[in-house]
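Hi there,

As promised, I am handing over the model we talked about. Please have a look at it first, and then read my notes below.

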Amino acid sequence: MKRPTLCSQISASEITPPELYARRREFLTLGATSLIASSSLISSWALADTPNKLVGKSNPQFSTVEKLTSYQDVTHYNNFYEFGTDKLDPFQNAHTLKTEPWAISIEGLVKKQKTFDIDQLLKLAPMEERIYRFRCVEGWSMVIPWIGYPLSQLIKACDVLSSARYVEFISLADPTQMPYVKSSILKWPYTEGLRLDEAMNPLTLLTFGLYGEILPKQNGAPIRITVPWKYGFKSAKSIIKIRFTETQPTTSWNLAAPSEYGFYSNVNPKVAHPRWSQSTERRIGTDLFAQKIKTLPFNGYEQQVGHLYAGMDLQKYY
Ligand SMILES: Nc1nc2c(c(=O)[nH]1)N[C@H]1C(S)=C(S)[C@@H](COP(=O)(O)O)O[C@H]1N2
Ligand SMILES: [Mo]
């Protein structure tokens with residue numbers, strides 16, 4: 001598949017590979033109206049005939065030049081346990097997720113509790129395209145062109161109190177839309193967290209889209225977090241709440257298996273998962289016999305984030 005070029009000057013037909021056009025309708029989530037409403041403010045937004053188009057200005061400083069994982073794999077090989085545990089389940093089941101209306105409520109240690117609806121969030125800062133490596137704790141990885149802006153932009157708009165040290169992300173957990181929320185595979189709602197300085201790091205992306213379009217539902221529509229130096233499960237999908245806390249929040253995976261999934265979960269080839277090594281990874285899209293690639297400390301983002309963990313024993317704080 002030809003990679004869509006994310007450039008606002010060229011026409012939509014050039015941006016979108018033809019085979020994507022047919023699929024657009026399937027992935028239609030945010031209504032055309034909300035996107036068009038934003039387009040007067042952000043010139044690069046949404047054409048009427050391609051309502052799920054989302055453009056971000058390419059940010060080479062924060063992008064890898066590695067070969068992209070195909071759109072097909074990015075959208076058909078997912079972990080989103082609210083919709084099932086097989087890799088194809090989110091693609092098959094997430095159509096029942098209702099992404100409009102949507103809002104994120106800001107709670108905990110803030111001057112005043114408030115809510116940002118999706119239109120306010122879309123307009124809060126300029127959209128960027130960032131090509132990140134993405135490493136799942138299961139031992140596979142992808143290279144994904146995300147669209148969003150630094151989470152720090154939202155945090156700055158939250159009037160966070162000085163006592164706050166952590167941020168908690170809470171996903172939607174509605175059994176009428178998410179069939180597996182009735183099961184006990186995880187404690188719902190899916191909850192994740194970061195230390196405040198990790199959340200403020202410019203790499204942490206509040207994510208609205210990928211591959212030139214709004215997030216497909218199976219990828220966490222309409223809004224998710226992307227933390228590229230940590231294992232994929234830290235990147236919570238379909239979030240509805242952000243809470244600032246003084247103490248380290250509990251997280252769904254840490255509750256499910258504390259010895260396997262720590263709070264930090266920085267990608268670390270030297271710290272094995274209790275049941276498998278983390279020193280190599282399989283890049284999705286290469287065949288099963290292809291040579292595995294070496295996993296890099298902090299997933300290759302050590303220069304940008306290593307300082308956050310100076311002096312910490314990363315065997316202990318896995
Ligand atoms: N709400 C929620 N967020 C989630 C998950 C989940 O099951 N539920 N799975 C996590 C895991 S394990 C991974 S690897 C990534 C997968 O993101 P992707 O499907 O967009 O590649 O989402 C993370 N965020
Ligand atoms: Mo994962």
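Here is what I found in it, starting with the ligand.

First, the ground rules. This is a predicted model, where local features need pLDDT of at least 70 and side-chain atom pairs count only at pLDDT 80 or more, while totals for chains, interfaces and linings use all residues. Residues are numbered from 1 along each chain as its sequence is written, chains are lettered from A and ligands numbered from 1 in the order in which they are written, and side-chain values use heavy atoms, with hydrogens and water left out.

**The ligand site**

Ligand 1 is surrounded by 18 residues, where a residue is near if one of its heavy atoms lies within 4 Å. The closest are N78, Y81, E82, R224 and K237. By type, the shell splits into nine nonpolar, six polar and three charged residues (Ala, Val, Leu, Ile, Met, Phe, Trp, Tyr, Cys and Pro count as nonpolar, Asp, Glu, Lys and Arg as charged, and the others, Gly among them, as polar).

- N219 puts a polar side-chain atom 2.9 Å from an oxygen atom of ligand 1.
- S171 has a polar side-chain atom 3.1 Å from a nitrogen atom of ligand 1.
- N79 uses a polar backbone atom, 3.2 Å from a nitrogen atom of ligand 1.

Of the 540 Å² of accessible area that ligand 1 has on its own, the protein covers 98% (Shrake-Rupley method, 1.4 Å probe; for residues, only the protein chains shown count as cover).

**Around S171**

S171 belongs to strand β6, residues 166-171 (helices, H or I, of at least four residues and strands, E, of at least two are DSSP runs, numbered from the N terminus). Why does S171 count as buried? Its relative accessible area is 1%, and buried means under 20%, exposed over 50% and partly exposed in between, with a 1.4 Å probe and protein chains only. A polar atom of the S171 side chain also lies 2.7 Å from the backbone oxygen of K237.

G84 is in the loop between α4 (71-76) and α5 (89-93), and it is buried because its relative accessibility is 1%. Its C-alpha is 8.9 Å from that of M178, although the two are 94 residues apart in sequence.

K316 lies in the segment after α10 (302-305) and is exposed, at 56% relative accessibility. The side chains of K316 and Y317 make a polar contact of 3.5 Å.

**Backbone geometry to check**

Two peptide bonds deserve a look. The one from E100 to P101 is cis, with omega near 0 degrees, and P101 sits in the loop between α5 and β2 (103-108). The one from A221 to P222 is also cis, with omega near -5 degrees; P222 is in the loop between β9 (213-214) and β10 (224-226).

Positive phi values turn up too. D159, not a glycine, has a phi of about 50 degrees and is partly exposed at 38%. F298, also a residue other than glycine, has phi near 50 degrees and is buried at 7%, in the loop between β13 (293-294) and α10.

Best wishes

Methods
A polar contact is a pair of N or O atoms within 3.5 Å; within protein, one must be able to donate a hydrogen and the other to accept it, and residues adjacent in sequence count only if both atoms are side-chain atoms.
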